[in-house]
Amino acid sequence: MPAVALMLLAAALTTAPAWALYRGPLFDAHLHYNVEAWDGQAGPHPPADVVERMRRNGVRAIIANSRPNAGTLALAGSPLAREAGVQVVPFVRLYRDRADYDNWFRDESIYRMVLDLLERGTPAGPYRGIGEFHLYDSANARQPVARKLMALAEARQLAVLAHVDDAAVDLLMAAAPSGGARLRLIWAHSGIGGASPARVDQLLARYPLLMGELSYRPGLTCDEGRLCPQWRALLLKYPGRFMLGSDTWINARWDQYDALMTGYRTWLADLPVDVAQKLAWGNGAALFGLRAP
Ligand SMILES: [Zn+2]
């Protein structure tokens, strides 16, 4: 067979045609089940609703966290999630209410709340991480409670889901006793402010356990929801370091859940199947030791 034909055949085997969607299971690595979605009484998105959205989109595992923490417990204990084959990876969120967004890094009562919740665990087993938390001013990564939480995460091998800029990734890593070598930091949005792919590359190279989550990432997709060339190159360079997420921070994101997952499946189909499988499922499953779906 001529070399060109071989190359075409190889491309056909490893890359889905442009009109196909990636069909494998998904791990939603950035999911909130906040009080607005469901307050335990009513609300537009009770567990049956959100679990059905996961089921019909092939989402077979989630990082669950919520403001306040009750939403996470509701999903972790939901027989509906179990029946739908959705594995729940619970994280402790640092927020009891919106006032905590701007204060968690210096509020000792939040540190005590985290210790207490870790002690209690969830119906789906122990908490596996801390977050999502935000730093709107990266310098607050140096505040005492932020430093204590990074040390705690490292000591207990908890992942940390951080919505921060690239400077704060360095500062949070520096706050961990290992200097970042052993901190399992998941960078929510991989730089929502648009840190350049070269800068993301630099951070991934510097910190071996740093993972990037891709919701809201500016510059990720270009025409027709396909990957932009620079980001495609970065995902191919670090196939083991990225994950997908819905970021259901407001109820509108639950309404968009189908479209968000279809969006991921659209560009996942542009990647070699083994890379797509890692981003869609394998990286998160390996991080938390999940069962095959
Ligand atoms: Zn979020």
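Colleague: Axes are lines fitted to C-alpha atoms, for helices over the stretch in contact, and angles run from 0 to 180 degrees between N-to-C directions. With that settled, at what angle do α7 and α8 pack?

Modeller: This is a predicted model, in which local features need pLDDT of at least 70 and side-chain atom pairs count only at pLDDT 80 or more, while totals for chains, interfaces and linings use all residues. Residues are numbered from 1 along each chain as its sequence is written, and side-chain values use heavy atoms, with hydrogens and water left out. Helix α7 (residues 166-175) and helix α8 (residues 197-206) pack at an angle of about 10 degrees, with their axes 11 Å apart. The two helices are therefore roughly parallel to each other; angles under 35 degrees count as roughly parallel, over 145 as roughly antiparallel, 65 to 115 as roughly perpendicular and the rest as oblique.

Colleague: Which residues make that contact?

Modeller: On the α7 side they are Asp 166, Ala 167, Val 169 and Asp 170, and on the α8 side Arg 199, Leu 203 and Arg 206. Contact means heavy atoms within 4.5 Å. By class, there are three nonpolar, no polar and four charged residues. Here Ala, Val, Leu, Ile, Met, Phe, Trp, Tyr, Cys and Pro count as nonpolar, Asp, Glu, Lys and Arg as charged, and the others, Gly among them, as polar.

Colleague: And how are the helices themselves assigned?

Modeller: Helices (H or I, at least four residues) and strands (E, at least two) are DSSP runs, numbered from the N terminus.

Colleague: What does the side chain of Asp 170 do?

Modeller: The side chain of Asp 170 makes a polar contact with that of Arg 206, at 2.9 Å. Such a contact is a pair of N or O atoms within 3.5 Å; within protein, one must be able to donate a hydrogen and the other to accept it, and residues adjacent in sequence count only if both atoms are side-chain atoms. Not counting residues up to four places away in sequence, Asp 170 touches Arg 199, Leu 203, Arg 206 and Tyr 207.

Colleague: What caps the N-terminal end of α7?

Modeller: Asp 165 does, with a side-chain oxygen 3.2 Å from the backbone nitrogen of Ala 167.

Colleague: Over to α8 and α9, then: how far apart are their axes?

Modeller: The axes of α8 and helix α9 (residues 229-237) are 10 Å apart, and the angle is about 10 degrees. This pair is therefore roughly parallel. The contact involves Pro 197, Val 200 and Asp 201 of α8 together with Gln 230, Trp 231, Leu 234 and Lys 237 of α9. These residues divide into four nonpolar, one polar and two charged.

Colleague: New topic. Which cysteines does the disulfide join?

Modeller: The structure holds one disulfide, joining Cys 222 to Cys 228 with an S to S distance of 2.1 Å. The criterion is a pair of cysteine sulfur atoms within 2.5 Å.

Colleague: What is its handedness, and why?

Modeller: The torsion about the S-S bond of Cys 222 and Cys 228 is about 110 degrees, so the disulfide is right-handed. Cys 222 counts as partly exposed at 41% relative accessibility, whereas Cys 228 is buried at 8%.

Colleague: Which residues have a positive phi without being a glycine?

Modeller: His 189 has a phi of about 70 degrees and Glu 224 one of about 55 degrees. His 189, in the loop between β6 and α8, is buried with a relative accessible area of 1%. Glu 224 is found in the loop between β7 (211-213) and α9 and counts as exposed at 73%.

Notes. Buried means under 20% relative accessible area, exposed over 50%, partly exposed in between (1.4 Å probe, protein chains only).
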